[in-house]
Amino acid sequence: MCKASPWRVVVLSIVLLALGVPAPTAQPASWPSMVVRVGFPPGTDLAALARGLDVWEVHRSEGFLVAAVDPGQWADLEARGFVLELDEARSARLDRPLVLLPGQTSGIPSFPCYRTVEETYASMEGLVSAHPGLASWVDIGDSWEKVTAGGNPGYDLRVLVLTNSAHPGA
């Protein structure tokens, strides 16, 4: 195996910086998932790059996308020649435990404006009870978590059907 001379590495780094490609960042071993900027050259097949990734943002003109990745995805992207830059602030928020905010009595912990699944289901059941001629609550299957052993208990997948059964038609 041949090693690049230190001068080649320095020159390559300068060229990449001049092109606006972020410098590579060492993969942190302590995070199970992290948020990264993935630099890509012009002409990259973004659909192929994004396949299997949790892409949050794409900045075509700047030549990078932002995605949540696990250590295996990090290693795969580096092996394919992509330059990764860790977004430490977003990564730290990604895996932090969610806690109720002071005074929060409902909603998702840390996000009181969003209802939990249970709160949403209770609201929909209330609509169906109050308006049985207009609404029905239908179970269409199980969530992935519910059918996968060893994880979270999961949920029934439910659909709120709105129709006026007193006036059938198209």
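Helices here are DSSP runs of H or I with at least four residues, strands are E runs of at least two, and both are numbered from the N terminus. Along the sequence the pattern reads α-β-α-β-β-α-β-α-α-β-α-β. The model is predicted: local features need pLDDT of at least 70, side-chain atom pairs count only at pLDDT 80 or more, and totals for chains, interfaces and linings use all residues. Residues are numbered from 1 along each chain as its sequence is written, and side-chain values use heavy atoms, with hydrogens and water left out.

Colour by burial next. Buried residues make up 22% of the 170 residues in the chain. Buried means under 20% relative accessible area, exposed over 50%, and partly exposed in between (1.4 Å probe, protein chains only).

**Stop 1: the largest core**

Select Val36, Val38, Leu49, Val69, Trp74 and Leu77. Of the 15 residues in the largest nonpolar core, these touch the most other members. Such a core is a set of buried Ala, Val, Leu, Ile, Met, Phe, Trp, Tyr and Cys residues joined through side-chain atoms within 4.5 Å. Strand S1 (34-39), helix H2 (46-50), strand S3 (64-69), helix H3 (71-79) and strand S4 (83-86) each supply at least two of its residues.

Now centre on Val38. What does Val38 contact, leaving aside its neighbours within four places in sequence? The partners are Leu49, Gly63, Phe64, Leu65, Leu77, Phe82, Val83 and Leu84. Contact means heavy atoms within 4.5 Å.

A second, separate core has five residues, including Tyr121, Met124, Val128 and Ala135.

**Stop 2: helix H5**

Select residues 117-130. Helix H5 has 14 residues. Its buried residues are Tyr121, Met124 and Val128. Cover for the buried residues includes strand S5 (135-142) and strand S6 (156-162).

**Stop 3: the aromatic cluster**

Show the rings of Tyr121, Trp137 and Tyr155, which form one aromatic cluster. Rings of Phe, Tyr and Trp (its six-membered ring) pair if their centres lie within 6.5 Å; planes under 30 degrees apart count as stacked, over 60 as edge-to-face and the rest as tilted.

Tyr121 and Trp137 are edge-to-face, at 5.3 Å centre to centre and 85° between the planes. Both are buried. Tyr121 and Tyr155 have ring centres 6.4 Å apart and planes at 75°, so this pair is also edge-to-face. Tyr155 sits in the loop between helix H6 (144-147) and S6, 34 residues from Tyr121. At 31% relative accessibility, Tyr155 is partly exposed.

Methods:
Expected span 1.5 Å × (residues − 1).
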